[in-house]
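Have the model open as you read.

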Amino acid sequence: MIERTTYLALVLAVCGTASAISRGDLGFSPSHLAHIGLQVERELARGEFAGCVVAIGRSEGLGYLQAFGHRTLEPTVAPMTTDTVFDMASVTKPVATATSVMLLVERGRLRLADRIAKHLPGLTGEGTKAITVEQLLTHNAGYVPDNPLADFQHGVDEAWRRLLALEPKWPPGSTFKYSDVGFELLGRIVENVDGRPLDRFAREEIFEPLGMNETGYLPAAALRDRAAASEQRDGEWLVGEVHDPRAHLLGGVAGHAGLFSTAEDLARYARCLLRGGTLDGARLMSPLTLAEMTRPRDVASNLRGAGWDMRSGYSSNRGELLSPQAFGHGGFTGTAMWIDPANDLFVIFLSNRLHPDGKGSVNPLAGRIGSIAAASIVGE
């Protein structure tokens, strides 16, 4: 393991890459965006993460793209680059799973008001009969955040049997409890309704149409070669392999985690949503579907969309200067994305906060960067 002082010196040795972008023609002030580098370098010096990529833009394109620090420090040292592939962790929930659900809704194959038992054969819990798809999307179905890891350690089939047997801990619709279980079930619903595995559905219906060619589950070797490292599992560094232990035991594909992506690919997704659901001639979803997906719901005094955070106890990565219309999400590995239609703005922060020592805090930094980005808008 690298000594702490050596680790900090390595982190500060590389900040930025030749492919970085900083432009003012989209209505940003490059001089104000320069404050981002000062904030990132301060947190790098504190050892909060090994490296990160920041992408900021509007519906017309990227206005800022910069890499800082390193993608790996162990077992070898490699600088962060703007094309680094990241384990998105819970950003999987809105980008892959919730988007898939909404596509099935607009095609008439699923309704938000459907009882989940309709689409989950084998659901055995008596208390699950009243749960709706929308309650899973907004984390008020009553499920625990996670069932025991031991439930996943006897094979995928047994893991699903135990997931489907879970009883809600709270009455459905009564409270807000952020739950991976709910999104694991949503991923299963997508598969049952459509017939394709979740990873294939998301690839064919979301990522390929939008030209997000470096986004998906179970990244191929070429993408793993430039992935950011996280922690170790069984003595091996996780590079291009999902960190979430439950997603790992489900084969790397799950509704709550498992997605990998790059800053530029996520920028294409964000631009599509800012443009009403279309990008470069490709239509992802209708404006009405997008409006329903991002409609604020009051969930026990937390504002949530269908798969998105808006203002809740999980919004510490949200910039204070974003508009009330902004929606976003974060991930355990150190990822965050916020999209603000009122300001025609997106802010993407991708880091490897768990590398190399499993520690690090990035949500406050991501929030500050969001505020810097919003304040940098100087006019049209």
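In this predicted model, the largest nonpolar core has 82 residues, and Ile116, Tyr143 and Tyr269 are the ones that touch the most other members. Helix α11 (residues 263–274) supplies the largest share of this core, with eight residues. There's also a second, separate core: 26 residues, among them Phe28, Cys52, Trp338 and Phe349.

Tyr143 is worth a click. Beyond its neighbours within four places in sequence, Tyr143 is in contact with a list of residues including Ile116, Leu123, Ile131, Leu166, Trp170 and Leu185. That list also has Thr128, Lys177 and Ser179 in it.

Now the rings. Searching the whole structure turns up five aromatic pairs. Phe49 and Phe349 make one that is edge-to-face, with 6.1 Å centre to centre and 90° between the planes. Phe49 sits in the loop between α3 (35–45) and β2 (51–58) and Phe349 in strand β17 (residues 345–351), so this pair ties together parts 300 residues apart in sequence. Phe49 is buried at 0% relative accessible area, and Phe349 counts as buried too, at 2%.

Tyr269 and Trp308 pair up as well: with centres 6.4 Å apart and planes at 35°, the pair is tilted. Here helix α11 is linked to the loop between β13 (302–304) and β14 (309–311), with the two residues 39 apart. Both Tyr269 and Trp308 are buried. Elsewhere, ring pairs join Phe176, Tyr178 and Tyr314 into a cluster.

| Arginine | Ring | Distance from ring centre |
|---|---|---|
| Arg188 | Trp160 | 4.4 Å |
| Arg353 | Phe332 | 4.6 Å |

Definitions and conventions
Residues are numbered from 1 along each chain as its sequence is written. This is a predicted model: local features need pLDDT of at least 70, side-chain atom pairs count only at pLDDT 80 or more; totals for chains, interfaces and linings use all residues. Side-chain values use heavy atoms; hydrogens and water are left out. A nonpolar core is a set of buried Ala, Val, Leu, Ile, Met, Phe, Trp, Tyr and Cys residues joined through side-chain atoms within 4.5 Å. Buried means under 20% relative accessible area, exposed over 50%, partly exposed in between (1.4 Å probe, protein chains only). Helices (H or I, at least four residues) and strands (E, at least two) are DSSP runs, numbered from the N terminus. Contact means heavy atoms within 4.5 Å. Rings of Phe, Tyr and Trp (its six-membered ring) pair if their centres lie within 6.5 Å; planes under 30 degrees apart count as stacked, over 60 as edge-to-face and the rest as tilted. A charge sits over a ring if NZ of Lys or CZ of Arg is within 6 Å of the ring centre and within 35 degrees of the ring normal.
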